[in-house]
Amino acid sequence: MTRERIKKETIISLLKESSGYVSGAKMASQLGVTRAAVWKTMVLLKKDGYLIESSPAKGYLLVESPDLCIADLKKNIAATKKIGHELFFYDSVPSTNMVAMELASQGCPDGTVVISDAQTAGKGRLGRSWSSPPGKNLYMSIVLRPGISPRDATALTLLAAVACASVLRRFASIPVSIKWPNDLIVGHRKMGGILTEIKADLDRINYAIVGIGININLTAEEMPQEIKAIATSIFIETGGHFSRSELAGALILNFDKWYRLLLTKGKKVITNEWLTMSSTIGKRIRVTAMNQTFEGVAEGIDDEGLLIVKLHEGTYRKVSAGDITMVRTNS
Ligand code: BTN
């Protein structure tokens with residue numbers, strides 16, 4: 001963590017712990033810096049969206065925090081067993097998955113979380129980009145070291161989808177369902193997505209990065225033109241603004257619960273829950289995968305999370321990656 005970020009986080013914690021003004025001298029001595037340095041950090045915090053009143057006699061008073069506040073988030077996730085004990089927060093990075101990958105290669109612990117207010121090169125599935133403007137959405141990556149085989153890696157994606165969909169249903173009362181493999185869908189529009197990347201030997205995952213993007217406070221006008229027809233946000237669905245710290249906290253707590261279940265009870269628990277939340281199973285679908293398109297009925301997922309599609313002639317085909325669309329039937 002940079003020196004500037006340590007100063008910011010310490011000052012925010014001191015201001016939040018106090019019910020009134022905190023003197024510049026007290027903060028300066030805690031940080032081992034001058035009062036002028038404290039003042040400079042206050043200017044930066046105001047730029048970050050903190051509303052801070054200052055009085056020459058009394059010091060500084062925190063009036064309002066931005067909706068993505070690291071101190072609030074840390075408090076919200078204090079009870080987790082594994083996820084978020086190490087938490088990295090950035091204003092802007094190319095991609096939280098890339099940062100998490102780098103941290104994982106340097107040996108960061110299982111459950112390390114990376115969050116950024118914005119991404120300049122957000123990555124989506126199948127080489128697509130992920131629109132990541134600042135101040136609006138959640139961009140988060142989690143480093144996992146589950147000690148499972150690469151064949152079981154899909155369980156991590158299914159787990160993330162279950163954790164996200166259940167939190168969105170509870171937190172914002174939105175009827176979110178999961179479209180195979182990992183789209184968080186409301187009606188026919190996408191509210192969020194998950195990108196899992198792994199580093200593995202033949203028989204064992206070294207680490208996996210589960211990247212989660214959820215559109216939260218983005219308005220219809222702010223939605224990029226190219227995804228307007230197919231994407232949505234919590235704000236668009238509910239008309240309400242939501243705190244990103246609270247949503248991220250609830251999501252990390254829920255992810256922690258499902259991750260523990262995966263490690264103690266195995267992937268069947270995850271698959272079963274995924275099936276109850278899926279809007280794909282039982283539907284007639286069109287699959288586009290590996291430059292091929294075919295239609296059939298989505299019958300279920302197998303032990304490895306592959307989609308089982310029943311074709312017209314009664315044979316079955318398994319799909320590991322690709323895009324699906326629902327096919328309207330006239331009956
Ligand atoms: C999809 O295409 O549905 C997956 C989108 C995943 C986006 C998230 S945002 C946080 C993390 N960092 C990235 O670059 N991508 C994932």
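**Loops, helix packing and cysteines**

Tutor: S173 is found in the loop between α6 and β6; helices (H or I, at least four residues) and strands (E, at least two) are DSSP runs, numbered from the N terminus. This is a predicted model, in which local features need pLDDT of at least 70 and side-chain atom pairs count only at pLDDT 80 or more, while totals for chains, interfaces and linings use all residues. Residues are numbered from 1 along each chain as its sequence is written, and side-chain values use heavy atoms, with hydrogens and water left out.

Student: Is S173 buried or exposed?

Tutor: Buried means under 20% relative accessible area, exposed over 50%, and partly exposed in between (1.4 Å probe, protein chains only). S173 has a relative accessibility of 63%, and therefore counts as exposed.

Student: What is the phi of N291?

Tutor: Most residues other than glycine have a negative phi. N291 lies in the loop between β10 (284-289) and β11 (292-301). Although N291 is not a glycine, its phi is positive, near 60°.

Student: Where is P181 found?

Tutor: The peptide bond from W180 to P181 is cis, with omega near 0°. P181 itself is found in the loop between β6 (177-179) and β7 (183-186).

Student: At what angle do the axes of α6 and α9 cross?

Tutor: Axes are lines fitted to C-alpha atoms, for helices over the stretch in contact, and angles run from 0 to 180 degrees between N-to-C directions. The axes of α6 (residues 154-172) and α9 (residues 267-277) come within 9 Å, and they cross at roughly 50°.

Student: Which word describes how α6 and α9 are oriented to each other?

Tutor: Angles under 35 degrees count as roughly parallel, over 145 as roughly antiparallel, 65 to 115 as roughly perpendicular and the rest as oblique. The two helices, α6 and α9, are therefore oblique.

Student: What is the angle between α1 and α3?

Tutor: The axes of α1 (residues 3-17) and α3 (residues 35-47) are 10 Å apart, and the helices pack at an angle of about 85°. That makes α1 and α3 roughly perpendicular, the angle being about 85°.

Student: How many disulfides does a search of the whole structure find?

Tutor: A disulfide is a pair of cysteine sulfur atoms within 2.5 Å. The sulfur of C164 is too far for a bond, because the closest cysteine sulfur, in C108, is 19 Å away. The search of the whole structure gives a total of 0.
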